[in-house]
Amino acid sequence: MKILIVDDEPIVRESLKGWFEQDGHAVDVAESAREGLRLCGQGRYDIALVDVKMPGMDGLEMQSRLAATDPDLTIILMTAYASVESAVQAMKAGAYDYIIKPFDPDDLSLLIRRAGEHRSLRAENLRLKKSLEVVSAPPPLLGSSPVMKRVLDLVGTVATNDATVLITGESGTGKELVARAIHAGSARRYSPLVVVNCGALSEGILESELFGHEAGAFTGARARHKGKFEAAEGGTVFLDEIGEVSPHVQVELLRVLEEKVVTRLGSNTPVSVDFRVIAATHRNLEECVRSGAFREDLFWRLNVLTIEIPPLRERPEDIPLLAEHFLSRFTSAMSRRPMTFAPGALEALRRYPWPGNVRELQNAIERAVVLSDGPVVELGVLPVHVAGAPDHASPGSLAEAEKAHVRAVLETNGWNITRAARVLDVDRVTLYNKIRRYELKRPANGG
Amino acid sequence: MGASPEPGAFEALHLLPLGPLPPPRVARLAERLSRHLRLPCHLATDVRGVPLARLPERDQIDADAVLAALEREAAGKGLVVGVTPLDMAIPIFTFVFGRARQGGKAALVSLARLDPGFYGLPPDPEILMQRAVTEILHELGHVASLRHCSEAACLMRFAGSVERVDARGAAFCAACAARLPAWLAAGPPAV
């Protein structure tokens, strides 16, 4: 380490210099605060040991000046005239420590070692925070339409607030993206964002995942497991598809949200947890409340700030912007040269109603990049239902429209029945019936 | 800082009692030291007039002042190690076990805080002897231009308490051993 010793007594300067040099440190000395400030202005030091009582500028004033100009410098004040007031003043001004002459050799050695470790940890912390900012930065929320601009403004506003947020919107509109943007813009951004897809887990597993369990709480619970709320300590819990949560888990959730304590399954000891909740659903929760499927008290607990993300078909002016964004992202990810859209392809993208919303558009662009040989995305590489989408006003029977729409959603979702059923907002059985009725066939190669 | 002595530059180590030390104890210390050095160890008989300067308002001798006097008085007499039963310190530290200049020709070691009796424990001449030998070898390491070492087991690791004196190793680590001059690079571990 590089150490600066500032003391008006030559014996102290020389003794400490010799001492630290024996430990392999590089040492400079200054006989006054002014000289010390001059040296600090010329080069960087890791640690400065500064005598409090010196003629002219004293150590406390030097410390406050150094703290302003070089906040990374670790300052240790030394004095032979200890007083509680000067110690308090030193620590308040940010001194790392305050030691009294003469020093116990072991104490000084330990102090320097700890100061070095403290400095390394602080530097590492800064590095990690910077890398976290890069890693945790969510993909940009894009939209130039007035309705989307309002959403973006709202995201900025609620990010700085710590209240619960409910995000609503059809599947594929980017609810998780909005949740990530809120978390990234909040004071909790250096703590975890824990995502729980409530719709993908059975009641028992969801309960255990959310609240944790003790060893032996149920068959197979071999070890203690912290729940998502505990894992999110200091950060944000994103409860996706909150509308799918069972009545029993709704009761437990309400308790956790109200009391900010969780009790692991198999335990009687509540654990206090600090978190913010962002919930999302593609359902109309008010209707769910009216039908009795969702608790009204939980609804009001979640519905503090609401962000409604409009479906893509209601903001077609955003389609070119999003399409260009995805095109750039996928060409870069696939190490392809920059690509553009043929006018016909862009027009088809704009004309298609995108029932799967942004997710469907994203998948279509990814597929197009894979299938394109040249630098231009032609109409022919878009999914058939997109390329050949009739104008919205084109005549046709209701059954024809439904068949085309169901096929489009199935293709967009790679014929994943669960996902397609969720997009269509029907259950899986209904979807299977429609596939049979319209004689829809899964393509052999999935393309 | 003086230049490092060439290997074999010293022909003998002269052990100089400073203060009330029983001669048999000093003779035993010289004998024990000689096991770890490729140098004969003698009681210094021709070094006189090293004043035991005291630190103002402290019941301790001033290690740096005594070391300077030792180097002055022993000039031309080879390697001299002063041993004192008195407590020793320098102005900035509450105490020191020993002092030596890197590349110098003298070292100074206080037995006061190496003695279990200092801490209210029963006297144990063997423990005191072991600690004295390792502390002298540590200071001789500085005379041989070595700095403190970060290896936990190395004799050149800094020890600011008697527990750390006991905890650090009784031998030089490989890196430090490789830099030792011939006169110090001999003998088994110090305990």
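Reader: How many of the 5 residues of β7(B) are buried?

Author: In this predicted model, 5 of the 5 are buried, so β7(B) is largely enclosed by the rest of the structure. A residue counts as buried if 20 or more other C-beta atoms lie within 10 Å of its own, as exposed if 12 or fewer do, and as partly exposed in between, with C-beta atoms placed from the backbone. Helices (H or I, at least four residues) and strands (E, at least two) are DSSP runs, numbered from the N terminus.

Reader: What are the conventions for pLDDT?

Author: This is a predicted model, for which local features need pLDDT of at least 70, side-chain atom pairs count only at pLDDT 80 or more, and totals for chains, interfaces and linings use all residues. Residues are numbered from 1 along each chain as its sequence is written, while chains are lettered from A and ligands numbered from 1 in the order in which they are written.

Reader: Which residues of β7(B) lie on one side and which on the other?

Author: B:Ala106, B:Leu108 and B:Ser110 are on one side, with B:Ala107 and B:Val109 on the other. In a regular strand, side chains alternate between the two faces of the sheet.

Reader: And what is the strand order of the open sheet in chain B?

Author: The order is β2-β1-β4-β7-β6, an open sheet of 5 strands with mixed pairing. Two strands pair if DSSP finds at least two bridges between them. At the edges stand β2 (41-43) and β6 (98-100) of chain B, each with a single partner strand, so one side of each has no neighbour in the sheet. Neighbouring strands are turned by 20° against each other on average, direction ignored; angles run from 0 to 180 degrees between N-to-C directions, and axes are lines fitted to C-alpha atoms, for helices over the stretch in contact.

Reader: How many bridges join β1 to β2(B), and in what sense do they run?

Author: Strand β1 (residues 13-17) of chain B runs parallel to β2(B), with 3 bridges. B:Leu13 is opposite B:Cys41 in β2(B).

Reader: Which strands does helix α1 of chain B touch?

Author: Helix α1 (residues 23-34) packs on the sheet against β1, β2 and β4 (79-84) of chain B, and its direction makes about 165° with that of β2(B). Two residues are in contact if their C-beta atoms, placed from the backbone, lie within 7 Å. Helix α3 (residues 125-143) of chain B also packs on the sheet, touching β4, β6 and β7 (106-110), with a direction at about 150° to that of β7(B).

Reader: How many bridges does β7(B) have with β4(B)?

Author: β4(B) and β7(B) are parallel and share 5 bridges; B:Val81 is opposite B:Ala107 there. On the side of β6(B), the run is antiparallel with 3 bridges, and B:Arg99 faces B:Leu108 of β7(B). The hairpin of β6(B) and β7(B) has 5 residues between the strands, and in it B:Gly103 takes a positive phi near 75°.

Reader: Is B:Pro51 buried or exposed?

Author: B:Pro51 is exposed, with 12 other C-beta atoms within 10 Å. This residue belongs to the loop between β2 and β3 (61-62) of chain B. B:Pro51 and B:Val66 are 15 residues apart in sequence, with their C-alpha atoms 6.7 Å apart in space.

Reader: Changing topic to chain A: how many helices and strands are there?

Author: Chain A has 19 helices and 16 strands. Of its 447 residues, 34% are buried.

Reader: At what angle do the axes of α6 and α7 of chain A cross?

Author: Helices α6 (residues 146-159) and α7 (residues 175-184) of chain A cross at roughly 40°, their axes coming within 8 Å. That makes α6(A) oblique to α7(A), since angles under 35 degrees count as roughly parallel, over 145 as roughly antiparallel, 65 to 115 as roughly perpendicular and the rest as oblique. The contact involves A:Val155, A:Val158 and A:Ala159 of α6(A) together with A:Val178, A:Ala181 and A:Ile182 of α7(A).

Reader: Which strands stand at the edges of the open sheet in chain A?

Author: That sheet has 5 strands in the order β7-β10-β13-β6-β14, with parallel pairing. Its edges are β7 (193-197) and β14 (305-308) of chain A, each with a single partner strand, so one side of each is left without a neighbour in the sheet. β7(A) and β10 (residues 236-240) of chain A are parallel over 5 bridges, among them the one in which A:Val194 has A:Val237 as its partner.
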